[in-house]
Amino acid sequence: MITASHNKISDNGVKIADPSGGMLTQAWEPFADALANAADSDSLLQLIIEFAKKESIVIDGNCRAEVLLGRDTRPSGESLLEAAKQGINSIVGSAAVDMGILTTPQLHWMVRARNKGVKASERDYFEQLSSSFRCLMTLVPGECKVKGTDNKLVVDGANGVGGGKLECLMNMLDGLVIEVRNDGKGGGILNEGVGADYVQKEKVVPQEFGSNDVGMRCASLDGDADRLVYFIVPSASSDNIVLVDGDKILSLFALFIKEQLGILYKGVHENNAYQARLGVVQTAYANGASTDYLKGLGLEVVLTPTGVKFLHEKAAEYDIGIYFEANGHGTILFSDSFLCWLEKRHNELPEGSEQQKAAVRLLAVSKLVNQAVGDAFSGLLLVEAILQNLNWSINHWSELYRDLPSRQLKVKVMDRTAVVTANAETVAVKPPGIQEAINAETVKYPRGRSFIRPSGTEDVIRVYAEASSQEGADTLAQSVAKLVEQFLG
Ligand SMILES: CC(=O)N[C@H]1[C@@H](OP(=O)(O)O)O[C@H](CO)[C@@H](O)[C@@H]1O
Ligand SMILES: [Mg+2]
C-alpha cells in the first residue's frame with residue numbers, strides 16, 4: 001500500500017500487508033528497513049538473495065505469487081506504483097496486481113479475502129460493510145428509531161482517499177445520511193488543517209466546518225482512512241471542538257459488546273456456555289478516565305507499547321479483543337472458535353428471541369469490523385449502528401466519562417535511543433534516575449500521570465502528562481520536558 005497516511009502531501013511511504021491481510025510480521029521489519037536503506041541496486045539485490053535464503057523462500061518460478069498493490073491519492077503514488085510493479089514483476093513467478101486507488105484498510109481486507117478464497121473486489125468490500133450495517137440497523141429497537149437530523153453525520157475526508165470512497169459506500173446505506181466534506185475534489189490539500197490526526201492533536205475545528213455545524217455529529221478520517229475520531233462543534237464563537245477520540249470509540253464498542261454478551265448468556269448455566277474472553281487493549285496514551293471507566297465496567301484492560309501492531313497482537317489473544325489507540329486507530333478481533341460457537345448457538349436459539357437478536361448483532365459486528373486492521377469505515381458504521389441501537393446522541397456518548405486534561409510535548413534530543421522504557425512504556429528505566437525525577441514531579445499534581453518514550457516515527461522524545469486541571473497537565477508536561485533536556489540534552 002503506497003501511502004503516508006496522515007503525513008503531509010509531499011511525503012510518501014509503504015505499508016505492507018501479510019498474506020493474512022494483517023500487518024507485516026515484526027520479524028521481517030529489519031529486512032524492510034534494510035531494503036529501504038540499501039545504498040544501490042547491487043546491495044538491494046544482495047539483500048533480497050540473502051533474505052530469501054535465510055527464510056527458505058524458493059525463487060524458481062514454480063511457486064507463483066501475486067502481490068496486490070494499492071495507493072492513496074498522493075501525486076507521487078503514481079510513479080512509486082510503477083516502480084513497485086517493475087520490482088515485483090522482475091522476480092520470477094511473481095506478478096503485481098494493481099488494485100487502483102484504495103484506502104489502506106481496503107487493501108488489507110482484499111488480501112485477507114483473496115487468501116481465504118472468497119470474493120475480494122472493492123464492490124465485495126462495500127457489500128460486506130453495507131449488508132452487516134443493514135443487519136444491525138434492522139435490529140434497532142422500535143422505540144429507538146430516530147428521525148430528522150439525528151441520522152445525519154458530517155464527515156471530514158482529510159482531502160484524501162477516504163472521502164471519495166465513503167461517497168461510494170454511503171449510497172449503499174439505509175437509515176444513515178452522510179455528508180462528506182474535504183473529499184479532495186474541492187481543491188483542499190491532503191491533511192492540511194483537516195483530518196483525524198489534526199483534529200485529535202489540535203482539538204480545533206477542521207477546514208470547511210464551522211458555525212453551521214454546531215451540535216452536529218461530526219467525524220474525521222485520516223489520509224488513508226485507517227483512523228477515525230468524532231467531534232462536536234460546541235459553539236459558533238470558538239474554534240475549539242469537543243473531541244470524541246479513539247478511547248471513547250473503544251468504550252462505546254466495549255459497552256455494547258458486553259451488553260450483547262450479557263443478553264446472550266442470560267439464564268444460561270455457566271457450564272453450558274462458551275466462556276468468551278473479552279479483552280480491551282490500550283496504550284499508555286489512553287486517557288486515564290477511559291481506563292477507569294472500562295475497568296469500572298468490569299472489563300479486563302491491558303496496556304501495550306505504542307503502535308497498532310502491538311495492540312493487534314495482544315487483542316488476538318482474546319475471543320473478542322477490542323483495541324484502540326487514542327488517535328482513533330483500532331478494531332475488534334473475534335476468534336474463530338468463538339464465532340463457530342456463536343453461529344451454532346444462533347441456530348439453536350428461538351427465532352426472534354432477545355437472545356437470538358444478541359447473537360445476530362454480534363455476528364453482524366464480526367462481519368462489519370475489519371478483522372485485518374483498523375478501518376475508519378467499519379468503525380464509523382459500527383458507531384452509527386450502536387448509537388441508534390442505544391438511542392444515544394453524540395452528547396450522551398461524549399459524556400460517558402469526562403476526559404482528564406492532558407498535554408503532549410516533544411523534545412528534540414541528541415540520541416533518542418538513550419531513553420529505554422518498560423511496562424508498556426509507562427516507566428523509563430534509562431537514563432538512570434530520570435523516572436524517580438518524573439515521579440517526584442508527578443506526585444505534586446492531583447490525578448497526575450506522566451511518562452516519556454522515544455517516538456518510533458520521529459526523531460524526538462515524546463512527553464505525556466495528565467492531571468485534574470489543564471493548567472496542571474500543562475505545567476507537569478513542561479517540567480517533565482525540562483527533565484528530559486537535563487538528562488539527555
Ligand atoms: C503518540 C502518538 O500519536 N503516536 C503515534 C505515532 O507513533 P510514535 O512512535 O509516537 O511516533 O505514529 C504511529 C504510527 O502512525 C501511531 O501508531 C502512534 O499512535
Ligand atoms: Mg492512517
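Colleague: Into which domains is the protein chain divided?

Modeller: There are domain 1 (26-117), domain 2 (125-245), domain 3 (247-374) and domain 4 (406-488). These bounds come from an automatic or database domain assignment. This is a predicted model, in which local features need pLDDT of at least 70 and side-chain atom pairs count only at pLDDT 80 or more, while totals for chains, interfaces and linings use all residues. Residues are numbered from 1 along each chain as its sequence is written, and chains are lettered from A and ligands numbered from 1 in the order in which they are written.

Colleague: What confidence does the predictor give the protein chain and the complex?

Modeller: The average pLDDT (the predictor's confidence in each residue, from 0 to 100) of the protein chain is 95, and 98% of the residues score at least 70. For the complex, the ipTM is 0.98 and the pTM is 0.95. Where pLDDT is low, the predicted coordinates should not be read in detail.

Colleague: How do you know which residues of domain 3 and domain 4 are in contact, and how many are there?

Modeller: Two residues are in contact if their C-beta atoms, placed from the backbone, lie within 7 Å. By that test, 10 residues of domain 3 are in contact with 11 residues of domain 4. On the side of domain 3 that touches domain 4, four residues are nonpolar, six polar and none charged. The classes are as follows: Ala, Val, Leu, Ile, Met, Phe, Trp, Tyr, Cys and Pro are nonpolar, Asp, Glu, Lys and Arg are charged, and the others, Gly among them, are polar. The centres of domain 3 and domain 4, taken over C-alpha atoms, are separated by 32 Å.

Colleague: What makes a residue part of the shell around ligand 1, and which residues are around ligand 1?

Modeller: A residue is near a molecule or strand if its C-beta atom, placed from the backbone, lies within 6 Å of it. Around ligand 1 these are Tyr285, Thr306, Gly307, Val308, Glu325, Asn327, Ser455, Gly456, Thr457, Glu458 and Arg462. By class, two are nonpolar, six polar and three charged. Domain 3 and domain 4 each give at least three residues to the shell.

Colleague: Which residues of helix H10 are buried, and why are they placed on the same side of H10?

Modeller: In H10 (residues 308-315), the buried residues are Val308, Leu311, His312, Lys314 and Ala315. They cover an arc of only 165° around the axis, so they are on the same side of H10. That arc is taken over the directions from the helix axis to the C-beta atoms. Among what covers the buried residues of H10 are strand E8 (278-283), strand E9 (300-304), strand E10 (320-324) and strand E11 (330-334). Helices (H or I, at least four residues) and strands (E, at least two) are DSSP runs, numbered from the N terminus.

Colleague: What is the phi of Ser5 and of Asn423?

Modeller: Phi of Ser5 is near 50°, a positive value in a residue other than glycine. Asn423 also has a positive phi, near 50°, and is a residue other than glycine. Most residues other than glycine have a negative phi, and most peptide bonds are trans.

Colleague: What makes the peptide bond from Lys430 to Pro431 cis?

Modeller: The omega of that bond, from Lys430 to Pro431, is near 0°. Pro431 is in the loop between strand E14 (427-430) and helix H15 (434-442).

Colleague: Why is Glu192 called partly exposed?

Modeller: Glu192 has 15 other C-beta atoms within 10 Å and is therefore partly exposed. Its place is the loop between strand E4 (177-181) and helix H7 (196-202). Glu192 and Ile9 are 183 residues apart in sequence and 8.4 Å apart in space, C-alpha to C-alpha.

Colleague: How do you know that Lys54 is exposed?

Modeller: Lys54, in helix H2 (residues 41-54), has 9 other C-beta atoms within 10 Å, so Lys54 is exposed. From Lys54 to Ala120 there are 66 residues in sequence and 32 Å in space, C-alpha to C-alpha.

Technical notes:
A residue is buried if 20 or more other C-beta atoms lie within 10 Å of its own, exposed if 12 or fewer, and partly exposed in between; C-beta atoms are placed from the backbone.
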